[in-house]
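Have the sequence and the 3D view side by side as you read.

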Amino acid sequence: GDGPVPRHSRPMLQDEDGDEAHEFLVEDHDGELRQRGPSALDTECWYQVVHTPAVVIRELPDEKSKMVGRKKAGKRIRIQRVVDGKWLQLHHSELVKLGVQEAWVLLDGAEMGLAGRQLLTRVS
């Protein structure tokens, strides 16, 4: 079965009435639902590994966290969100491939002593 989810994977937004959601849909004059206001749901976000030979995929956004996989240089990875410009949280489709509930990749090389170097680059 499903395990507990420790936190929302995307930020919650608040509308003018104080309601919270990831995005807000409003019925238009023609009866169609349309997104109105802010949205926390991005279009597809892909990064390509530029660090050689590979980047380590970790269970949590922490260099000491358990390794759950690797992605070789030149390979693309789908990302759900970027945290503090340092960590990339993997999209659900990547989690399914890895068989984990949560996974992260380090973006900022400074955390590894590679100041000024990004380990991945955004491609879409």
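D84 counts as exposed, at 69% relative accessibility. Exposed means over 50% relative accessible area, buried means under 20%, and partly exposed is in between, with a 1.4 Å probe and protein chains only. D84 is in the loop between β8 (76-83) and β9 (87-90). Its phi is near 55°, a positive value in a residue other than glycine. Most residues other than glycine have a negative phi, and most peptide bonds are trans.

The model is predicted: local features need pLDDT of at least 70, side-chain atom pairs count only at pLDDT 80 or more, and totals for chains, interfaces and linings use all residues. Residues are numbered from 1 along each chain as its sequence is written, and side-chain values use heavy atoms, with hydrogens and water left out.

Another backbone feature is the cis peptide bond that joins T52 and P53, with omega about 0°. P53 lies in the loop between β5 (46-49) and β6.

Now take the whole chain. The protein has one helix and eleven strands. Helices (H or I, at least four residues) and strands (E, at least two) are DSSP runs, numbered from the N terminus. Along the sequence the pattern reads β-β-β-β-β-β-β-β-β-α-β-β. The protein has 124 residues, of which 31% count as buried. Its accessible surface comes to about 8200 Å², and 48% of this belongs to carbon and sulfur atoms. Such areas come from the Shrake-Rupley method with a 1.4 Å probe; for residues, only the protein chains shown count as cover. Contact means heavy atoms within 4.5 Å. Among contacts between residues at least 6 apart in sequence, 44% join residues at least 24 apart.

Which residues does I79 touch, leaving aside its neighbours within four places in sequence? They are C45, Y47, L88, Q89, L90 and H91. I79 is placed in strand β8, and at 3% relative accessibility it counts as buried. The C-alpha atoms of I79 and R122 are 9.5 Å apart in space, while the two residues are 43 apart in sequence.

T121 is in strand β11 (residues 120-122). With a relative accessible area of 36%, T121 is partly exposed. Apart from neighbours within four places in sequence, T121 is in contact with W46, Y47, Q48 and V50. T121 and H51 are 70 residues apart in sequence, and their C-alpha atoms are 9.5 Å apart in space.

Next come the charged side chains. Side chains of opposite charge can pair when their charged atoms come close. A salt bridge is a side-chain nitrogen of Lys or Arg within 4 Å of a carboxyl oxygen of Asp or Glu. By this rule the count comes to two salt bridges.

One of them joins K97 and E94, whose closest N and O atoms are 3.7 Å apart. Because K97 and E94 are three residues apart in helix α1 (residues 92-98), they are separated by about one helical turn. K97 counts as exposed, at 62% relative accessibility, whereas E94 is buried, with a relative accessible area of 4%. S93 also has its place in helix α1, and at 28% relative accessibility S93 counts as partly exposed.

In another salt bridge, the side chains of R58 and E63 meet (4.0 Å, N to O). R58 counts as buried at 14% relative accessibility, and E63 counts as partly exposed at 32%. R58 is also touched by S65, which is in contact with R58, E59 and L60, not counting residues up to four places away in sequence. S65 is found in the loop between β6 (54-58) and β7 (67-72). Is S65 buried or exposed? At 9% relative accessibility, S65 counts as buried.

E16, D17, D19 and E20 form a negative surface patch. Patches are made of residues with over 30% relative accessible area and no salt bridge: like charges are joined within 9 Å, and nonpolar side chains (Val, Leu, Ile, Met, Phe, Trp, Tyr) within 5 Å. Lys and Arg count as positive and Asp and Glu as negative; His and the chain ends are not counted. The place of a charge is taken as NZ of Lys, CZ of Arg, CG of Asp or CD of Glu. D19 is in the loop between β1 (13-14) and β2 (20-21), and D19 is partly exposed, with a relative accessible area of 41%.
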